[in-house]
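Work through the exercises below with the sequence and the model side by side. Try each task before reading its solution.

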Amino acid sequence: MTAVDTRPAEPGPVDPDQPSASADALLARRSWKSPILFGVFAILLFILLVPFGRGGKAIFDFTSTSQKDAYQIPLLTLDSHLTEIITAIILVLMAAGSAYFAVKRRKMPLWYVIVFTVIVVFGFLVWTSADTGHNLTITSLLVGGLGLSAPLIFGGLGGVISERVGVTNVAIEAQLLFGAFLSAVAASLTQNLFVGIIAAMVAGVLVSFVLGAFSIKYAVNQVIVGIVLNVLVLGLTTFLYEQVLVGNASVLNAPPQLTVINIPLLSEIPIIGPLLFSQTIIVYIMYVAVAAVFIGLYRTRWGLRLRAVGEHPQAADTVGINVARTRFWNVALAGAVAGLGGAFYTIGSVGSFSQDMTNGAGYIALAAVILGRWDPVRVTLAALLFGFAENIGLAAGPMGSAVPNDFLLMLPYLVTIFAVAGVVGRVRGPAAAGRPYIKS
Amino acid sequence: MKLELRGITKNFGALVANDHIELAVEPGEIHCLLGENGAGKSTLMNILYGLYQADSGEILLDGVAQHFAGPGDAMRAGIGMVHQHFMLIPVFTVAENVMLGHEQSKAGFLDLSAARAKVREISARFGFHVDPDALIEDLPVGVQQRVEIIKALSRDAKVLVFDEPTAVLTPQETDELMVIMKQLKESGTAIVFITHKLREVREVADRITVMRLGKVVGEAEPTATNAELASLMVGRSVELTVTKSTAVTGEHALVVEGLSVIDAHGQVAVDDVSFEVRAGEILAIAGVQGNGQTELTEALLGIQNRVTGTITLDGKNLRDLPINEILEAGVGFIPEDRQDDALIAEFTIAENLMLDRADGAPFVKGGALQLKYLAEFATEKVREFDVRTQGIGTMVGRLSGGNQQKVVLARELSRDLRLFVAAQPTRGLDVGSIEFVHERIVATRDSGVPVIVVSTELDEVVALADRIAVMYRGKFVGIVPGNTSREVLGLMMAGEVPAGTEVAA
Ligand SMILES: Nc1ncnc2c1ncn2[C@@H]1O[C@H](COP(=O)(O)OP(=O)(O)OP(=O)(O)O)[C@@H](O)[C@H]1O
Ligand SMILES: [Mg+2]
């Protein structure tokens, strides 16, 4: 054999476990996105709490308005200045901690994000209520937050089901709004709340039928169909509201309201009782729905097939699963779930329907789907985050906050943008979501 | 179960993909289906599996006529298929993929333990090592294919179709698959085996049917020589070995030094690799699939983003240049996965032929496509590269696998090249087309272009290479002359350098 040897031969087997120096340098790249986001929040809060800190006292009130607690937690009075400084220091330390995760190339655990968020909120509340003379009524703040979250959770679950089966669901807003409308009218006409709840689900399913027919059968772009549906339902309900409901409000728009059901014993636990166990039937259905979708998605045949169709429809087809049918009926189911969320706006809280009463909640629910990475439990947590953020915005004003009210109302949207852009980053949704399956 | 196809006919528009096909496969028989690219083999099998509906003809199982409305029906009737493009869900586990479509439930919940047991039981029967809880996306292709086989067997498939199963396998995996097929045959399964590799045919086939242009053109004995089989397939005699003169090499054209690549999973895929390629020579990169060859070629083309080291072509640094400038520097590239990386299935042949040349004359003038020029160009290339198609307006996704590859070749080889990188250039091609592609690669070399050929096929490496670099776990085990024996190459592919081997640089 001839050999043009210019370099010494590498003897023996190559050692694969010894990456060379240049490869090592490459490995050193890390993701700094989370630490940067945490850092920005920590610095903002630090500036707010320390140089612009407000003195006086922050009084926390944990009792429920109904005063049914088995045990009355006494008022908690904190010195604002001291609390603000301690909070600011903790936040800075936690931001540093997130940098540590990045350096070690470890994934930040979910609890870390939750704890950080809670402390940010806590610091803001102490600051905003300092020296106003108002008590911070924690329980009612939480109850209100859950109330705003409930439709988002239903909408989010609807989004999860629909997107996991491969149909992008931008029409959550339409499903919520139509659900709100139809449940109010049906319950008002029949004076029967059960009929109202069913009507809300029917409304969501009707929207889904249109979405399903166009996007599955005719392969129209799913996002476009969704947006058109949102606009259509907004126009339709507004028209009917102004032309029909306003004139005949006593017949068509005077539904009864769902009553609060107190779960014996559980509802008397301080804070948790009024928050979780003193709610309407819709909220209890919501608990069941979250658990059912979670277990169903991962542990049942329904869930396995649904995810298969959303990930790789052709593979599902070759094992005898009817892709179009699976998609259509699950999108319908998603509509029913989201529609229930709509009922929460009317018979679940205020009773009567008013124009555009969902006010963009469907889009927030869509953001929760993405932030929650298409997982029912994470999506629920994301929806809770958005709901609570919105409620703090609403409640802080009356509590005498120094921040202008209009700014506070932007809070949920700011949180959404930060959360989706920062924490989520690049995520992988269901591989075939948004893509029609056309057999050749 | 005995399978009979009678008078199967399938038209795609004016094209007759299957023309009154007759085929019978006995239980316990491996029946090889041979034929050039576009002969209609996959179409026939898709009809059998219920994916396509035949225009006429019938399918009989044990003499009973069947009517399959979809794959579900075919599966229930006992037909299994290992598709060339695996039908597995990447984010599911092996057990979930195997149970999908015929899930067992216990009290409403998926009975995963039953599915796992099934996977283990079938694996044990054939001596596979497949972890039922592994995610598909983490498994090498060879193992994924086993999952496909387990999937079919878990449904008690009595007729099993393998559509070009070996195209993506390493030589070792291919040998193992042959053993599995023989075991299946012993247990009474009827097997249809489609391949372009004649060595495999002679190893396992009991009977051979040859198709050409949608028709069955004859049967052959497993004892037939390669040349006989090849000429029956292509309809003319085929040169099975490449004739090439000794390389007339020039300057060091491509110089790579200290190249390392970190892949998407954060693993070191290419680890400090250095080599040169002279103008007018072919450097073949051999090695078992997945040892960093893909990442190496992608780094050369600038589509890997975590790269260190230097890449110099004719004295010009290529590293960190945007892809369009690398193309402009004259780098031609045939990626390994033509469907995903080289072609747009919904574009026509003509459009695909000008994909990377849309930024100037002669295809674009003043922002407008020169459709007339494009049509002439495309017609000429389709003729030159013998792309079997109804016309240049056909969508590429409708072409047979081999013809898609020819479109990529035609595009890349019709540019003015300074470097040509071909990864698995003949994967899925029939013998006639392989002959043609090899001739073109050698012609490219002889025109003074440095050529890199990445191949997991030793036959191809030995046929083309002037020098051979063997890659193992991201590093070059060594660079040896083109006439190194297969035994030595085989050992090197396992990471060993046999004593006495002279390693060139
Ligand atoms: N869905 C389709 N629509 C139109 N034409 C098609 C379609 N599928 C296949 N064809 C055409 O039918 C012919 C046979 O294709 P087929 O895929 O069966 O070939 P093959 O024998 O499997 O070739 P290869 O060895 O390259 O895989 C080809 O000319 C191809 O272009
Ligand atoms: Mg084929």
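The exercises cover a ligand site, salt bridges and a set of paired strands.

This is a predicted model, in which local features need pLDDT of at least 70, side-chain atom pairs count only at pLDDT 80 or more, and totals for chains, interfaces and linings use all residues. Residues are numbered from 1 along each chain as its sequence is written, chains are lettered from A and ligands numbered from 1 in the order in which they are written, and side-chain values use heavy atoms, with hydrogens and water left out.

**Exercise 1. The ligand site**

Step 1. Assign elements. Helices (H or I, at least four residues) and strands (E, at least two) are DSSP runs, numbered from the N terminus.

Step 2. Look for polar contacts (N or O atom pairs within 3.5 Å). The side chain of B:Ser42 places an N or O atom 2.7 Å from a ligand oxygen. For B:Ser400, a polar side-chain atom lies 3.0 Å from an oxygen of ligand 1. B:Ala39 uses a polar backbone atom, 3.2 Å from a ligand oxygen.

Step 3. Check the cover. Taken alone, ligand 1 exposes 640 Å², and the protein buries 89% of that. The areas come from the Shrake-Rupley method with a 1.4 Å probe.

**Exercise 2. Salt bridges**

Step 1. Apply the criterion: a side-chain nitrogen of Lys or Arg within 4 Å of a carboxyl oxygen of Asp or Glu. The whole structure holds 32 salt bridges over all chains.

Step 2. The partner of B:Asp19 is B:Lys215, with the closest N and O atoms 3.4 Å apart. The pair links distant parts of the chain: B:Asp19 is in strand β2 and B:Lys215 in strand β12 (residues 215-220), 196 residues apart.

Step 3. Take helix α5 (residues 141-154). B:Lys151 and B:Glu148 meet at 3.5 Å, N to O. They are three residues apart, so about one helical turn separates them. Buried means under 20% relative accessible area, exposed over 50%, partly exposed in between (1.4 Å probe, protein chains only). B:Lys151 is buried at 6%, and B:Glu148 is buried at 2%.

Step 4. Take helix α13 (residues 371-384). B:Glu376 and B:Lys372 lie four residues apart, about one turn. Their side chains meet at 3.6 Å, N to O. B:Glu376 is partly exposed at 47%, while B:Lys372 is exposed at 64%.

**Exercise 3. Strand β13(B)**

Which strands pair with β13(B), and in what direction?

Step 1. Strands pair if DSSP finds at least two bridges between them. Seven bridges join β13(B) to β14 (residues 268-278), antiparallel. Six join β13(B) to β16 (residues 307-313), also antiparallel.

Step 2. B:Val256 is bridged to B:Phe275 in β14(B). B:Glu257 stands opposite B:Thr310 in β16(B).

Step 3. Judge burial. Eight of the eleven residues of β13(B) (residues 252-262) are buried, so the strand is largely enclosed by the rest of the structure.

Technical notes
Polar contact = N/O pair within 3.5 Å; in protein donor to acceptor, adjacent residues only side chain to side chain.
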